[in-house]
Each structure stands twice: as structure tokens, then as C-alpha cells.
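Open the model in your viewer and get ready to click around. We'll start with the whole chain and then pick out a few spots.

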Amino acid sequence: MERHPIEGIMTTTLESIRDMIDVNTVIGEPIATADGSTVIPISRVSFGFVAGGGEYPRRDAPKQEDGERRALPFAGGTGAGVSVSPLGFLVTHGDQVRLLPATCCQPIERVIELIPQAMAEVRKAVRG
């Protein structure tokens, strides 16, 4: 069975999207620092894809010998959009892991982010 033209258009577009987006786009390559920390960039990737087309008759299309019209011409197209937004950096040092947001956060978010660190300090003070 012969492939419909829209299949080729969709395949080409999806292959292009696959080339643009891979796991390293979302979770970046780890970066080792001089103090022994490791910094891993984290991003949000969103994309959209649309494809469509149709066969459009021509009134003046000649008829075949059996009275049927010839194959209808096809018109189609695709489109895609990709958005990459940095979320922050995952920082590991020893047995500690922290998330440093890429954007300025609200005060309550900062408090929530500091709770694990505060709990560790309290445990350390209690153990003395």
C-alpha cells in the first residue's frame, strides 16, 4: 500500500523535534566544581505539534476511462514549537543535596526550601 503524503510530512517534523530534544535538554550535564560539589542544570521542556492536510478536488480534472476522476492533489503542512525554560540547579556536596531555583522565589517557597537544612542544624545542635 502506498504511503499517504501526510505520513512523510509528519515523519520529517517528528524527527526534527527528536533531534532538538533529548534527555540532556531537561537534565543537563553535571559540572564538577573545585570544592567537590556537583552542579546539575534542570530545565522544563514543552513542545507542541500539529499536522494536517487534505485532498482537494479540481472541477476541471479529467476523468479516467472508467469515469472516475484522477487522484486528487494533496495539500498539507505541519508545525511545531519548542520552549525550554531553566528551572534551577541541583547542587550536591557530600551527602547534601540542594535545589537552587533559577528564578527568584516567593518568601514562603524559600522557607520551605530551607526546612531540611534547618532540621539538620537542629539535629546537629541537639547531638552536641
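Helices (H or I, at least four residues) and strands (E, at least two) are DSSP runs, numbered from the N terminus. Colour by secondary structure and you'll find three helices and four strands, following the pattern α-α-β-β-β-β-α along the sequence. This is a predicted model, where local features need pLDDT of at least 70 and side-chain atom pairs count only at pLDDT 80 or more, while totals for chains, interfaces and linings use all residues. Residues are numbered from 1 along each chain as its sequence is written, and side-chain values use heavy atoms, leaving out hydrogens and water.

The chain exposes about 10,200 Å², with carbon and sulfur atoms supplying 58% of that (accessible areas come from the Shrake-Rupley method with a 1.4 Å probe, and for residues only the protein chains shown count as cover). Of the 128 residues, 11% are buried; buried means under 20% relative accessible area, exposed means over 50%, and partly exposed is in between (1.4 Å probe, protein chains only).

**Stop one: Gly-79**

Select Gly-79 in strand S3, residues 74-93. Because its relative accessible area is 24%, Gly-79 is partly exposed. What does Gly-79 touch, leaving aside its neighbours within four places in sequence? Gly-48, Phe-49 and Val-50, where contact means heavy atoms within 4.5 Å.

**Stop two: the hairpin**

Follow S3 to its end. It pairs with strand S4 (residues 96-101) in the antiparallel sense, over six bridges; strands pair if DSSP finds at least two bridges between them. Click His-93 and you can find its bridge partner, Gln-96, in S4. Two residues sit between the strands of this hairpin, and Gly-94 in the turn has a positive phi of about 65°.

**Stop three: helix H3**

Next, select Ile-108, in helix H3, residues 107-127. Ile-108 counts as exposed because its relative accessibility is 56%.

Finish with Glu-121 and Lys-124, both in H3 and three residues apart, about one turn of the helix. They form a salt bridge, with the closest N and O atoms 4.0 Å apart (the rule: a side-chain nitrogen of Lys or Arg within 4 Å of a carboxyl oxygen of Asp or Glu).
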